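Biologist: I have the structure open and want to go through it slowly. Can we start with the terms and then move to the ligand?

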Amino acid sequence: MRLDGKIALITGGGSGMGRVASELFATEGASVVVVDVDDEAGRQTVAGIEAAGGRAIYVHADVSREDDARRMIEEAVGAFGRLDVLYNNAGVMLADDGSVDATSEEVWDRTLAINVKGVAHGCKYGIPAMIATGGGSIINVASFVAWMGAATSQTAYTASKGAVLAMTREIAVEYARKGIRCNALCPGPIDTPLLAELLADPAQRERRFVHIPMGRLGRPEELARAALFLASDESSFMTGASLIVDGGITAAYVTPVD
Ligand code: NAD
């Protein structure tokens, strides 16, 4: 098993890619700390893992709040004795996030608080805990939109993911000699509840699909497998990197026609 004996904390583990990664990490031998603000969803993830014979606990924490982030790390170490993998996956894309001339200050504040400060808070308390037991692997979820511009913009979201990418590199460099690896995972459009509302509109859906060389959305398990690689010792010489898993979007200038 690829995560045998490791302790992994996954924020946003109640839904989408976080849930599927929680399940996969447990199958690969990790004890998983599922963190979410949606208690029912988080507990469902844990129940699924336990039903399959795995080990997991649920911790309620809002990653945008520093006290919550400190407590989630303390509870992880309290329950399992150490922390080896910190997967900062929780993120939001708000419905009224749009063009820069139309996005409210409230949307900016909430998006940056969860998507950027949430990652920073996890690292702030996760890194000392990992160093205490010899190091570990941090996976910060950015997005392909940190690399590409879109005329169908969600400006606050895009800016937040660019910040995650830049922060990831800095953390990677600073803590490399202390046994911490820190990489960014950049998903393309993935079939999860986060995108459901956006893609419910057929015109929006079509406009986006045409730019994906593979012509389809990614599946949460396709991202979970990439996260598993970053979490495991198989990526032991990799830090400060951006792993782009996007069906070819960032490689494309012109996409194929059927
Ligand atoms: P999702 O909406 O299915 O799940 C996100 C989870 O995070 C939910 O369970 C939610 O309750 C939780 N959450 C939200 N705010 C939180 C907070 N403040 N504290 C703790 N938990 C919180 O989303 P997803 O599509 O699985 O996305 C996961 C990550 O991947 C996000 O960072 C997202 O921005 C990123 N991403 C998604 C896509 C996509 O197409 N779905 C593409 C690129 C990047």
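Predicted model: local features only at pLDDT ≥ 70, side-chain atom pairs only at ≥ 80, totals over all residues.

Modeller: Helices (H or I, at least four residues) and strands (E, at least two) are DSSP runs, numbered from the N terminus. Residues are numbered from 1 along each chain as its sequence is written, and side-chain values use heavy atoms, with hydrogens and water left out.

Biologist: Is Thr-168 buried or exposed?

Modeller: Thr-168 is buried, with a relative accessibility of 1%. Buried means under 20% relative accessible area, exposed over 50%, and partly exposed in between (1.4 Å probe, protein chains only).

Biologist: What is Thr-168 in contact with, beyond its neighbours within four places in sequence?

Modeller: Asn-140, Cys-182, Asn-183 and Ala-184. Contact means heavy atoms within 4.5 Å.

Biologist: Which other residues of α5 are buried?

Modeller: Among them are Ala-156, Tyr-157, Ser-160, Lys-161 and Val-164. The cover over the buried residues of α5 includes α4 (105-132), β5 (136-141), β6 (180-187), α6 and β7 (242-245).

Biologist: Now the ligand. How many residues surround it?

Modeller: The ligand is surrounded by 29 residues, and the closest are Ser-15, Asp-36, Tyr-157, Ile-190 and Thr-192. A residue is near a molecule or strand if one of its heavy atoms lies within 4 Å of it.

Biologist: Which helices each supply at least two residues of that shell?

Modeller: α1 (16-27), α5 (155-175) and α6 (193-199). The largest share, three residues, comes from α6.

Biologist: How do the shell residues divide into nonpolar, polar and charged?

Modeller: There are 16 nonpolar, nine polar and four charged residues in the shell. Ala, Val, Leu, Ile, Met, Phe, Trp, Tyr, Cys and Pro count as nonpolar, Asp, Glu, Lys and Arg as charged, and the others, Gly among them, as polar.

Biologist: What about N and O atoms of the protein by the ligand?

Modeller: An N or O atom in the side chain of Ser-15 is 2.7 Å from an oxygen atom of the ligand. For Val-63, a backbone N or O atom lies 3.1 Å from a nitrogen atom of the ligand. The protein covers 92% of the 840 Å² of accessible area that the ligand has on its own. Accessible areas come from the Shrake-Rupley method with a 1.4 Å probe; for residues, only the protein chains shown count as cover.

Biologist: Back to Thr-192. Where does it lie?

Modeller: Thr-192 is in the loop between β6 and α6. This residue is buried, at a relative accessible area of 9%. Thr-192 and Ser-15 are 177 residues apart in sequence, yet 7.9 Å apart in space, C-alpha to C-alpha. Not counting residues up to four places away in sequence, Thr-192 touches Gly-16, Met-17 and Pro-220.

Biologist: Last one: where is Ile-73?

Modeller: Ile-73 is in helix α3 (residues 66-80). It is buried, with a relative accessible area of 4%.

Definitions and conventions: Polar contact = N/O pair within 3.5 Å; in protein donor to acceptor, adjacent residues only side chain to side chain.
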